[in-house]
Amino acid sequence: MERIRNQEQNRHEEEEDDDDDTISLDEAFFINDNYQLTDFTFGSQEIQLFCLHTASTDFDLTGQVVWPGAILLNEYLSKNSEILQGCTVIELGSGVGITGILCSRFCQKVVLTDHNEEVLKILKKNIELHSIPENNCPTSDGLVAEKLEWGNSDHINGILQNHPGGFDFILGADICFQQSSIPLLFDTVKMLLLVKGDRKCKFILAYVSRAKTIDLMIVKEASKHGLQMKELPATRRIVANLEGVVFEITLHWHL
């Protein structure tokens, strides 16, 4: 009987030791903010910005890196920069801001958006980097960051109050990879497209195919929201071992 009591006491002591060894991880454990200043070249445009070369362990922090779709979109825009001259642009899911910063070289105004607070920090840091005189970017004053959660009407209305004229282009690069967010993305796009009464606003989407289910869902959601997708010529190519393409998406004429 004494031996049983001793075994029970030892078991309780081991459990207490295990409790003492339990580590409570703060959310900061999952965040890597050791950003590196990195150089990128698109045509004649050179861009330097802070980013990670691999994403943090938190799935929601994918915006800390430059993804293949952003490279694809920037290559297209650098070759067709005349379409951006003097325009106003809003980018969805801007991440570190590589596309918006390129556009700021040509556009009158560029609004970069993301929903994640940690990503917004590095986005604003890169905007500040390109707002210093040494960068000789005459339109840097028109480069701003705002929080935008897709489908959030308060966020969208707030942006439109700050920019009542709407936008000539909506841009998105590598932002279609989660099924649950795609309907919200197209809800947001349609709201922004409807602001321009002359129907000249276009959504330019650089898409990298990773799953056939997502491929089909994008086409389905675009049609469901009354949007027409057109593949832009000579944009389909392999990027980072994946097939990418740039689409121009507009409202149907009868809307």
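The following paragraphs describe a predicted model of one chain, from its overall make-up to selected local features. Local features require a pLDDT of at least 70, side-chain atom pairs count only at pLDDT 80 or more, and totals for chains, interfaces and linings use all residues. Residues are numbered from 1 along each chain as its sequence is written, and side-chain values use heavy atoms, with hydrogens and water left out.

The chain contains seven helices and 10 strands; helices (H or I, at least four residues) and strands (E, at least two) are DSSP runs numbered from the N terminus. Of its 255 residues, 47% are buried, where buried means under 20% relative accessible area, exposed over 50%, and partly exposed in between (1.4 Å probe, protein chains only). Among contacts (heavy atoms within 4.5 Å) with a separation of 6 or more, 68% join residues 24 or more positions apart.

Confidence is expressed as pLDDT, the predictor's value for each residue from 0 to 100. The chain has a mean of 86, and 79% of its residues reach 70 or more. Helix α1 (residues 2-21) has the lowest confidence, at a mean of 54, while strand β6 (residues 169-173) has the highest, at 98. Over residues 22-29 the pLDDT stays under 50, and the model has one contact beyond four places in sequence for this stretch. Residues 135-140 also have a pLDDT below 50, with 10 contacts in the model beyond near neighbours in sequence. Where pLDDT is low, the predicted coordinates should not be read in detail.

Two packed helices are described by the angle and the distance between their axes. The axes of helix α6 (residues 182-195) and helix α7 (residues 212-224) come within 10 Å and cross at roughly 35 degrees. Here axes are lines fitted to C-alpha atoms, for helices over the stretch in contact, and angles run from 0 to 180 degrees between N-to-C directions. In this pairing, Ile182, Pro183 and Phe186 of α6 meet Ile214, Met217, Ile218, Glu221 and Ala222 of α7.

The loop between β9 (237-239) and β10 (242-251) holds Ala240. Most residues other than glycine have a negative phi. Ala240, however, has a positive phi of about 55 degrees, and it is exposed, with a relative accessible area of 51%. Asn241 lies in the loop between β9 and β10; its phi is positive, near 65 degrees, and Asn241 is exposed at 75% relative accessibility.
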